[in-house]
Amino acid sequence: MGSYRLAVMDGDGIGPEVIASVRTLLAAINEREPALDLIPVDLPIGLAAYEHEGTTLPASTLAALETCDGWILGPLTTHLYQGAAMPNVSAVLRKRFELFANIRPARSFPGIAALYSDVDVVVVRENTEGFYADRNMLAGSGEFQPAPDTVLSVRVVTQRACERLARAGFELARRRRSHVTLVHKANVLRLGCGLFLDTCRAVATDYPDVQVDDFHVDAFAMHLVMRPTDFDVIVTTNLFGDVLSDLSAGLIGGLGLAPGLNAGHERAMAQAVHGSAPDIAGRGGANPIASILSLAQLLDWLGTRHTDLAATNLGARLWTAVETVLATDAVKTPDLGGKATTTEMTEAIVEALQAT
Ligand code: NAI
C-alpha cells in the first residue's frame, strides 16, 4: 500500500477554507481507499504563523517539510508581507527546494458557462528565476532604486533553468497530445528570451515525436484567447507563465477552477493558481475545486515518482468526480453562479469520488 506523508499548509485569506476541503478529501480517501494511506502533517505558515511565532515561515516548518513526500500550500496575502520576518513562503519553497516547473492546467468543465467548452491546455511556467526579483540574487533582492524616481528590476534567465523546464514540458506533452508551444519575447529581450528559446529548441531535438512551435508572448495572448484548442503544452518563463495561466483560467470559468503543481525532481507542492481572495475570505463561499484538483495533480506526481498506479488513478478519479459534480448543475459556488458553500461543494465531490 502506498503511504505518503503530506504537508498541509493553510495560507491566508480563503486559504484555511479551501485547504479545509483538501483535508476533508484526504480523510475521505483514507477511510474509503484501501490502496492508499495519505497522512496529513499540519504545518504553520503565513500570517497566522507570524502572529504566533513571529515569522511567516518558521524553521520548524521548513525542517518538517523535508520529512514529507508531498506538500499542499494554500494561498498567501503576499502584498502584506514585509521585511525579513515575513518571507514569501511560496517563493522561498519554490526556490530553495528547486520546484522549477509550475504546471497549471486549464481544462473545460461540463456544465460551466465559459468562453469555450473544449479547452485543454497546460501552462508550464519557470518557477525559480525570471522577473521575480525576490528569488534572483544570492542575497538581497533583484530590484534596485538608484534614485528616488528610478527603479531597476533585474530578470535572470539561466540555461540550466530553461533546460530542465523544457524537459518537464516535453515529457508532459508526451503524456498528452504531443505538442509544445514555446512562448517568449525574443524579438526584444534578445539575450534573455533568446537563451530561453535556443535552449528549449535544443531540448526539442531529443523529442522528435513532439510537435514544436513558438510565439511572441503578445501575439500568443491573442491566439490563446481566439483559438485555445490549437494548443496543448505551453512552456514559458516565469512572469509570462503567471499571466498566461490566469488568462487560461479565464477561458474555462475562472480562478476557482484552476489548479497548479510546483514540481521538481525530488519534491512537489500542490498550490492553486489563485491568491488569497481577501474580497471573499471568511464568507464560506470560496470555490475549493482549484485546491482539490491541485491535490489531484500531486497524487499523479506521486504516482509517477513511486510507480504507484493507485495514486495515479486516484488523481484521475478526482478530476472525474469534479466533472461529475459540475455537470449536474446542482452544486455551484458563487463564482460559478451558484449559492453552494465551500463545504457543500466539498461534500458533493467526496460523494462523487466514491461513485467513480
Ligand atoms: P486572487 O487570485 O486572490 O483573486 C482574484 C479574484 O478571483 C478575486 O475576485 C477573488 O475573489 C477570485 N477568486 C480567487 N480564488 C477564488 C476561489 N477559490 N473561489 C472563488 N473566487 C476566487 O488575486 P488578487 O486579488 O490579485 O490577490 C489577493 C492576494 O493574494 C494578494 O495579496 C496577492 O499578492 C496574493 N496572491 C497570492 C498567490 C499565492 O499565494 N499563490 C497568487 C496570487 C496572488
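A cavity is here a set of grid points where a 1.4 Å probe fits but cannot get out, and its lining residues have an atom within 4 Å of a point. The legends below describe close-up views of a predicted model.

**View 1. The largest cavity and its lining in the predicted model**. The residues A28, I29, R32, E33, V350, L353 and Q354 form the lining of the largest cavity. Its volume is about 50 Å³. Helices α1 (15-32) and α11 (342-355) each contribute at least two residues to this lining. By class, 4 lining residues are nonpolar, 1 is polar and 2 are charged.

**View 2. The second largest cavity and its lining**. In total, the model holds 2 cavities of 30 Å³ or more.

**View 3. The crossing of helices α1 and α9**. The axes of α1 and α9 (residues 289-305) come within 8 Å and cross at roughly 45 degrees. The crossing of α1 past α9 is right-handed.

**View 4. The contact of α1 with α9**. On the α1 side, the contact involves V18, I19, S21, V22, L25 and L26. S291, I292 and L295 take part from α9. The residues of this contact include 7 nonpolar and 2 polar ones, with no charged residue.

Methods:
Residues are numbered from 1 along each chain as its sequence is written. This is a predicted model: local features need pLDDT of at least 70, side-chain atom pairs count only at pLDDT 80 or more; totals for chains, interfaces and linings use all residues. Side-chain values use heavy atoms; hydrogens and water are left out. On a 1 Å grid over the protein atoms alone, a cavity is a set of points where a 1.4 Å probe fits but cannot get out, and a pocket is an open set with protein on both sides within 12 Å along at least five of seven lines; lining residues have an atom within 4 Å of a point. Grid points are joined across faces, edges and corners, and a volume is the space filled by probe spheres set on the points. Helices (H or I, at least four residues) and strands (E, at least two) are DSSP runs, numbered from the N terminus. Ala, Val, Leu, Ile, Met, Phe, Trp, Tyr, Cys and Pro count as nonpolar, Asp, Glu, Lys and Arg as charged, and the others, Gly among them, as polar. Axes are lines fitted to C-alpha atoms, for helices over the stretch in contact, and angles run from 0 to 180 degrees between N-to-C directions. A crossing is left-handed if the near helix is turned anticlockwise from the far one by less than a right angle, and right-handed if clockwise. Contact means heavy atoms within 4.5 Å.
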